[in-house]
Amino acid sequence: MSGAADIRPLTSADAERCDAIVSSLPHFFGDPDGIRDCAAAVRVQRGWVATISGVVAGFLTIERHFAESAEITWMAVHADHRRRGLGRCLIEHSGIEVQREGGRMLCVLTLGPSVPDPGDDTYDGTRAFYGSLGFVSLRELALSNWNNAFALVLARPLR
């Protein structure tokens, strides 16, 4: 990615722009419950944004369930800025911050490979993206808050 993007902490003032980013990705954010949960997360969870010329183009939120790990709860890059390294920068930055605070593991849940996902821009690409950043698939789980869809748990050591 070029030096045109900056990473900074997510603030409550970024929430509406994060909502607009989610709206630009209807394939990945088509579930009303997920949209609502993401909107709540960008308003209360810790996270970072990637900005281009001062405009938020992507975001990532985390939750620390345990001191030694952090979960990426939500991440999105506006449709106009995808595949330019913003997501990679957000993950790398969050990993550095979590490790600096004593964390040893970064994890994320995404749609599992057993869930049918037709189309050109699919979760196969999402899973490959996380794999390219060192995340390892651990297990698929049926989650009731995901309408019983199978979530793939991925983890990446930070040390």
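Biologist: Which residues is leucine 133 in contact with, once its neighbours within four places in sequence are left aside?

Modeller: Contact is read here as heavy atoms within 4.5 Å, and with those neighbours left aside leucine 133 is in contact with Arg88, Ile91, Glu92 and Arg156. Please keep in mind that this is a predicted model, in which local features need pLDDT of at least 70 and side-chain atom pairs count only at pLDDT 80 or more, while totals for chains, interfaces and linings use all residues. Residues are numbered from 1 along each chain as its sequence is written, and side-chain values use heavy atoms, with hydrogens and water left out.

Biologist: What separates the C-alpha atoms of leucine 133 and isoleucine 91, and where is leucine 133 found?

Modeller: The C-alpha atoms of these two residues, leucine 133 and isoleucine 91, lie 8.3 Å apart, although 42 residues separate them along the chain. Leucine 133 itself sits in the loop that runs between helix H4 (123–132) and strand S6 (136–142), where helices (H or I, at least four residues) and strands (E, at least two) are DSSP runs numbered from the N terminus.

Biologist: Is leucine 133 buried or exposed?

Modeller: Leucine 133 counts as buried because its relative accessibility is 5%; the classes are buried under 20% relative accessible area, exposed over 50% and partly exposed in between, with a 1.4 Å probe and protein chains only.

Biologist: How is arginine 127 to be read, buried or exposed, and which residues does it touch?

Modeller: Arginine 127 has its place in helix H4, and it too counts as buried, because its relative accessibility is 13%. If residues up to four places away in sequence are not counted, arginine 127 touches Thr110, Leu111, Gly112, Pro113 and Leu152.

Biologist: How many aromatic pairs does a search of the whole structure find?

Modeller: A pair of aromatic rings is described by the distance of the centres and the angle of the planes. Rings of Phe, Tyr and Trp (its six-membered ring) pair if their centres lie within 6.5 Å, and planes under 30 degrees apart count as stacked, over 60 as edge-to-face and the rest as tilted. The search of the whole structure finds two such pairs. In one of them, tyrosine 130 and phenylalanine 135 have ring centres 5.3 Å apart and planes at 75 degrees, so this pair is edge-to-face.

Biologist: Which residues do the ring pairs link into a cluster, and are tyrosine 130 and phenylalanine 135 buried or exposed?

Modeller: The cluster linked by ring pairs consists of Phe129, Tyr130 and Phe135. Tyrosine 130 is buried, at a relative accessible area of 6%, and phenylalanine 135 is likewise buried, at 5%.
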